[in-house]
Amino acid sequence: MPISSATAAGFNPASQSSNIGIQDFLKILTTQLNNQDPLKPVDNQEFVAQIAQFATLEQSRQLNSKIDELLSVQSSTQSIGLLGKTVDINQNGFIVSGKVTALALASGQPMMTVTTASGQFQSDVSLSQIINIR
């Protein structure tokens, strides 16, 4: 059963384009209102549509943030379930088998310690390195 790791928040290139926050939107909006022609103001419907679009964008951003948090919790939960199980991991192109003996959270990402049959420890094993669970 292959397991992929969750993308850490802030590392997704798509999230870089969402750096425009509510403060930036309000600056743009007030600048637009300050510089509009008083004899030809912005249409009310267009103005409401802009605010509705921004509200939708903000809700989408919050939803993405919550999904990232959920994926982080899910990967941690998956890691807890691996404690005591035998796994095959990809260690620099080599397949190593061993039992998951410890779990630590580093920067919100679960990192495991795998003990091989010969007693060697493979530390800082991420979920993405696990190839097979037995």
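This is a predicted model: local features need pLDDT of at least 70, side-chain atom pairs count only at pLDDT 80 or more; totals for chains, interfaces and linings use all residues.
Leaving aside its neighbours within four places in sequence, which residues is T101 in contact with?

Residues are numbered from 1 along each chain as its sequence is written, and side-chain values use heavy atoms, with hydrogens and water left out.

Now the overview. The protein has 3 helices and 5 strands. Both kinds of element are DSSP runs, numbered from the N terminus: helices are H or I with at least four residues, strands are E with at least two. Along the sequence, the pattern reads α-α-α-β-β-β-β-β. Of the 134 residues, 22% are buried. Buried means under 20% relative accessible area, exposed means over 50%, and partly exposed is in between, with a 1.4 Å probe and protein chains only. The protein exposes about 9300 Å², and carbon and sulfur atoms supply 57% of that. Those areas come from the Shrake-Rupley method with a 1.4 Å probe; for residues, only the protein chains shown count as cover.

One figure on contacts. Contact means heavy atoms within 4.5 Å. Take the contacts between residues at least 6 apart in sequence: 48% of them join residues at least 24 apart.

Helices next. Two packed helices are described by the angle between their axes and the distance between the axes. Here, look at α2 (residues 22-34) and α3 (residues 44-82): their axes come within 12 Å and cross at roughly 170 degrees. That makes α2 roughly antiparallel to α3. From α2, the contact uses I22, F25, L29, Q32 and L33. From α3, the contact uses F47, Q50, I51 and F54. For the terms: axes are lines fitted to C-alpha atoms, for helices over the stretch in contact, and angles run from 0 to 180 degrees between N-to-C directions. Under 35 degrees counts as roughly parallel, over 145 as roughly antiparallel, 65 to 115 as roughly perpendicular, and the rest as oblique.

Is S79 buried or exposed? S79 is buried, at a relative accessible area of 0%. Not counting residues up to four places away in sequence, S79 touches L103, P110 and L127.

On to the sheet. It is open, with 5 strands in the order β4-β3-β2-β1-β5 and antiparallel pairing. The edge strands are β4 (121-125) and β5 (130-133), and each pairs on one side only. Neighbouring strands of this sheet are turned by 40 degrees against each other on average, direction ignored. Strands pair if DSSP finds at least two bridges between them.

Two pairings in detail. Strand β2 (residues 94-106) and strand β3 (residues 109-116) run antiparallel, joined by 8 bridges. A106 has Q109 in β3 as its bridge partner. Then β3 and β4 pair over 3 bridges, also antiparallel. M112 is bridged to V125 in β4. These two strands form a hairpin with 4 residues between them, and G119 in the turn has a positive phi of about 90 degrees.

Phi deserves a word. Most residues other than glycine have a negative phi, and most peptide bonds are trans. N92 has a positive phi, near 55 degrees. N92 sits in the loop between β1 and β2 and is exposed at 74% relative accessibility. D124 also has a positive phi, near 55 degrees. D124 is in strand β4 and is exposed at 54%.

Now D88, in strand β1 (residues 86-91). D88 is buried, at 10% relative accessible area. Its side chain makes a polar contact with the side chain of R134, at 2.2 Å. A polar contact is a pair of N or O atoms within 3.5 Å; within protein, one must be able to donate a hydrogen and the other to accept it, and residues adjacent in sequence count only if both atoms are side-chain atoms. Beyond four places in sequence, the contacts of D88 include I95, V96, S97 and I131.

Back to the opening question. T101 is in contact with L83, T113 and T115, leaving aside neighbours within four places in sequence. T101 lies in strand β2 and is partly exposed at 42%. T101 and L83 are 18 residues apart in sequence, yet 5.9 Å apart in space, C-alpha to C-alpha. With T115, the link is a polar contact between side chains, at 3.0 Å.
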